[in-house]
Amino acid sequence: MPAKDLIHDSVKNALIKGGWVITDDPYIIQYEDATVFIDLGAERIIAAKRNDEKIAVEIKSFIGHSVIHDIESALGQYLLYLSFLELYDPSRKLYIAISDAVYENIFERKSVQWLIQRNRIPLLVVNTAEEEIEKWIN
């Protein structure tokens, strides 16, 4: 099983504070001869609609030596996990979780914004100091 990301616990705690129930840590998908580990699975009951929302969250710190390499890795993981989720649990929406500092320093770059929009990648931005969800970007 892969090592937990540096901000794993902060993201998990922010989701819990935001009313989510962590159902899987990690969320494991097995398909044929492949096994993938998405960092978290979570659910939230919506009382007014009497149904639930289900998400899977891949957590990224972007602390490598190259921003482009980190983006390349995150995009690749996102597409791989999304493909397996479509087979295994198509009702679950996949997000990439990042810290507010990473969002400000990396994800506000025009090139990165274009890549995220082009590939329709939902983001979960977390204030890791306060362990609170700052924004959902769909």
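**Cavity**

I looked up which element gives the most to the lining of the largest cavity, and it is α2, with 3 residues. The model I am reading is a predicted one. I counted cavities of 30 Å³ or more and found 1. The space in the largest cavity comes to about 50 Å³. Its lining consists of Phe62, Ile71, Ala74, Leu75, Ile96, Phe107, Ile116 and Ile121. I then sorted that lining by class: 8 residues are nonpolar, with no polar and no charged ones.

**Largest pocket**

Next I turned to the pockets. The largest pocket holds about 250 Å³ of space. I listed 16 residues along its lining, and Pro2, Ala3, Lys4, Asp5 and Asp39 are the closest to its centre. Which elements give two or more residues to this lining? I found β3 (34-38), β5 (51-59) and α2 (67-88). By class, I noted 8 nonpolar, 2 polar and 6 charged residues in the lining of the largest pocket.

**Second largest pocket**

I put the volume of the second largest pocket at about 170 Å³. Its lining includes Tyr103, Phe107, Val112, Gln113, Ile116 and Gln117. Arg120, Ile121, Leu123, Ile137 and Asn138 also line the second largest pocket. Phe107, Ile116 and Ile121 are among the residues I had already written down for the largest cavity.

I checked where the lining comes from. Helices α3 (100-107) and α4 (110-118) each supply at least two residues to the second largest pocket. The largest share is that of α4, with 4 residues. By class, this lining divides into 7 nonpolar, 3 polar and 1 charged.

**Helix α1**

Which residues of helix α1 (residues 8-17) are buried? I noted His8, Ser10, Val11, Ala14 and Leu15. Just after α1, I came to Gly19, which takes a positive phi of about 95°.

**Salt bridges**

How many salt bridges does the structure hold? I found 7. I went through three of them.

I began with Glu43 and Arg92. The closest N and O atoms of this salt bridge are 3.9 Å apart. Glu43 sits in strand β4 (residues 40-46) and Arg92 in strand β6 (residues 92-99), so this pair ties together parts that are 49 residues apart in sequence. Are the two partners buried or exposed? Glu43 is partly exposed, at a relative accessible area of 24%.

Last, I looked at Glu58 and Lys60. Their side chains form a salt bridge at 3.5 Å, N to O. I noted Glu58 as buried, and Lys60 is buried too.

**Recap**

For a quick look back, I kept these entries.

- The largest cavity has a lining of 8 nonpolar residues.
- The largest pocket has 6 charged residues in its lining, and the second largest pocket has 1.

Technical notes. Residues are numbered from 1 along each chain as its sequence is written. This is a predicted model: local features need pLDDT of at least 70, side-chain atom pairs count only at pLDDT 80 or more; totals for chains, interfaces and linings use all residues. Side-chain values use heavy atoms; hydrogens and water are left out. On a 1 Å grid over the protein atoms alone, a cavity is a set of points where a 1.4 Å probe fits but cannot get out, and a pocket is an open set with protein on both sides within 12 Å along at least five of seven lines; lining residues have an atom within 4 Å of a point. Grid points are joined across faces, edges and corners, and a volume is the space filled by probe spheres set on the points. Ala, Val, Leu, Ile, Met, Phe, Trp, Tyr, Cys and Pro count as nonpolar, Asp, Glu, Lys and Arg as charged, and the others, Gly among them, as polar. Buried means under 20% relative accessible area, exposed over 50%, partly exposed in between (1.4 Å probe, protein chains only). A salt bridge is a side-chain nitrogen of Lys or Arg within 4 Å of a carboxyl oxygen of Asp or Glu.
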